[in-house]
Structures are given as C-alpha cells and as structure tokens.
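Please examine the sequence and the structure shown here before reading on. The explanation that comes after them is meant to be read with both in view.

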Amino acid sequence: MNQDKINVAVIAGGDSGEYTISLKSASIIMKYLEGEKYAPFLVHIKFGEWYCLLPDSTKVEIDKNDFSITVDKKKIRFDVVFTAIHGTPGEDGKLQGYFDLLGIPYTSCGSITSALTFNKAFCNKVVASTGVTVSPSVHLIKGYEFSIDDILATTGLPCFVKPNCGGSSVGMSKVKEKEHLLEAIETAFKEDNEVLVEKYVKGREITCGVFKNGEQIIALPIVEVVSKKEFFDYEAKYTDNLAEELIPAPIDSATEIKCKETSILLYKALNCKGVVRFDYIFNESVLNFLEVNTVPGMSSASIVPKMAQYQGYTLNSFYDILITEAMKQKMK
Ligand SMILES: Nc1ncnc2c1ncn2[C@@H]1O[C@H](COP(=O)(O)OP(=O)(O)O)[C@@H](O)[C@H]1O
Ligand SMILES: [Mg+2]
C-alpha cells in the first residue's frame, strides 16, 4: 500500500435485487483504477455486513465509526468513495448521508438529490416543473385508499405499474386490461411501500449519460435501447440478445441535440454529481422523461462505459475525471 496513492473505496453490493450487477460494476471500476495514481479497495456492503476484500481475498471488517480498516495494526482511511451500489443504500441517499457526516467525498450525487431521484413520483414532479414532459401518473402509498377508476381516469390503458423506489424493472407490469390492474398494484406493493401507476408512452427508448469535468457539463453520445420483450423488463436487461443497444442512437440531429440539452438542463436542475443517465421515451415528436439513474451500471455490458468509450475516453481517464471531481467536493 503506497502512501502516495489516493485510497479509493469502491463500494459494492447493496440490499436490492441489483446486488450482482453492482459487483460486476465494481470489478470493472477496480480494474481500471489500478495504476500509479490510485489504490482501489473493494468494500462490500450488504445489510450489516461491511468488509473490505483485500487482493489476497481476506476480508477485513469496516469500522463504521470512521469508515476505515485496520491491516497489520495500521489504520487505513479512504480518501474518496467510488459508488458502485445500484439501488438501496448506495443510490437513494442513505450512504451519501453517512459519508457526508464523516466528511468523505464520493463520486455520486449528494444525499438529497439521490433520495429525490430514487423516488420516481417525487422526481417526476421536479422534472415536470422544469418544463420537461413526464407521463401522467398516480402515486399510491401502502395503507391509503385508492380507486381503480380514479387511477384509470389519469393514466388510461395500457398503463405501467411500478414500485416507486425500485430498479431493474423488478415488480413492474404493463397492464392492458382494467381487471388486471389491482393484481399488478399488489405485485408492485410486494417490492415497495409506494407504487407508481403511469400512463403508457409509445415510442423509442433513448438514454443520455451526463457528467461534469471542471466547469463543463458533458452529455455523452445517445444510445437507443431496443428490447425484444414487451418492454425493457428484468429479463431483457440481463439476458444476452434480448436487448440491443444502438450507439450512436439512429435519431436525427435535432432530436440528438434536444436530448442532450434536456439532459444537461436536468443535470443542473437536480444538482447532480458524477455520471448519471437520463432515460426517455421518444415518440417522434415529444421527449418523455422516464427516469434518472444516479449510479448507472458500469459492468462491461453496461451502457455508460460504452458511451464514454465511444466518445473517446478510456475507462481509466473517465474514472479519473469522476474521482477528481468528487475530491473537489470534499466537505469543508
Ligand atoms: N410509462 C411508460 N411507458 C412505456 N414504457 C415504460 C413506462 N414506464 C416504464 N416503461 C418500460 O419499463 C422499463 C423500466 O421502467 P423504469 O421506470 O425505467 O424502471 P426501472 O427503474 O426498474 O428501470 C422502461 O425501460 C420501459 O421499457
Ligand atoms: Mg429504467
């Protein structure tokens, strides 16, 4: 462990269905941080089990009082955290709040932005206030009454039913008939205490990664996601050949510019940090905001690394920019 290197804790795991994806993201990040400048440490976080996995595969428990490890009686502190946990507690503001308390900078959005954007219903309200189109929806909270007819008056059919704070399309359904709506809501409530029922938007799915480098906010090349399933569901997301990612997206330049400008506007409006990915459905005239991923996948199959490489960044240089930006955020 070289004293001159910057100690980076690459946090991975998490408590959601995206656990395995997170480990894959982290292993790519670890690989590209190896070198002269950084000493990357894989920190596994799952429920109460927090440990650092050393290169010789020994597990060293994390001291949660100061987020440090002790190896050979020597305390090792981390200079910065690289967030690779998708879903809770790495993408919803919980760990961000913990690191803020300890004064340790991290590569992802701050705690409030993370919490807001992880709540699809609340995020849609803020996004709509900027003038960007969002699909009409109804936000349901467990324990409060709701009426199927009132929901349908807002959303019509087909509609999408999703856990409000979910990810990876888990617990989500596309409902085409009224008699299936209640069952879909109950399925989504198994994943979360809040459910969002959203009007279906027909169109093509496009996505734009945005990050900050110094004074510049940069939109990466746009990708179109083409699912072979009814929608971009869990299976399509994680099974080879069930979805295709087209880079650059085959869209006209006016749409490309509009998508990039909208994504930069939202990055600023939501006060994002690090690299985030804005997802839209484009119906050939309107760009409909779908969601923002503030800890996007970083595995070899993920979209953001492809976007960055297509733009000409090596993953070493891209991750270096993200860490350098994060370290500027160090709490005073
Ligand atoms: N309102 C909608 N209209 C059309 N398709 C939708 C809508 N909402 C979700 N989908 C489909 O479901 C997928 C997952 O939805 P999303 O809101 O991104 O949830 P997750 O956070 O689980 O990825 C989208 O990529 C899209 O294919
Ligand atoms: Mg999504």
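The model is predicted.

The shell holds 19 residues, of which K120, K162, S169, E205 and K237 come nearest to the ligand. By residue class, the shell divides into 8 nonpolar, 4 polar and 7 charged residues.

Several polar contacts can be located individually. The side chain of K162 places an N or O atom 2.7 Å from an oxygen atom of ligand 1. A polar side-chain atom of K237 is found 2.6 Å from an oxygen atom of the ligand. At V201 the contact is made by the backbone, where an N or O atom lies 2.9 Å from a nitrogen atom of ligand 1. On its own, ligand 1 has 550 Å² of accessible area, and the protein covers 96% of that area. Two or more residues of the shell are given by each of the elements β10 (159–163), β12 (194–199) and β18 (287–293).

Two of these elements, β10 and β12, also belong to an open sheet of 4 strands, which has the order β9-β12-β10-β11 and antiparallel pairing. At its edges stand β9 (137–141) and β11 (173–175), each of which pairs on one side only. From one strand to the next, the twist averages 20°. Within this sheet, β10 and β11 run antiparallel and are joined by 3 bridges; F160 has K174 in β11 as its bridge partner. As a general principle, the strands of a sheet pair through backbone hydrogen bonds, in either a parallel or an antiparallel manner.

A further pair of strands deserves attention. Strand β13 (residues 204–213) and strand β14 (residues 216–219) run antiparallel and are joined by 4 bridges. One of the pairings links F211 to its bridge partner I218 in β14. Together, β13 and β14 form a hairpin with 2 residues between them, and G214 in the turn has a positive phi of about 65°.

How values were computed:
Residues are numbered from 1 along each chain as its sequence is written. Chains are lettered from A and ligands numbered from 1 in the order in which they are written. This is a predicted model: local features need pLDDT of at least 70, side-chain atom pairs count only at pLDDT 80 or more; totals for chains, interfaces and linings use all residues. Side-chain values use heavy atoms; hydrogens and water are left out. A residue is near a molecule or strand if one of its heavy atoms lies within 4 Å of it. A polar contact is a pair of N or O atoms within 3.5 Å; within protein, one must be able to donate a hydrogen and the other to accept it, and residues adjacent in sequence count only if both atoms are side-chain atoms. Accessible areas come from the Shrake-Rupley method with a 1.4 Å probe; for residues, only the protein chains shown count as cover. Ala, Val, Leu, Ile, Met, Phe, Trp, Tyr, Cys and Pro count as nonpolar, Asp, Glu, Lys and Arg as charged, and the others, Gly among them, as polar. Two strands pair if DSSP finds at least two bridges between them. Axes are lines fitted to C-alpha atoms, for helices over the stretch in contact, and angles run from 0 to 180 degrees between N-to-C directions.
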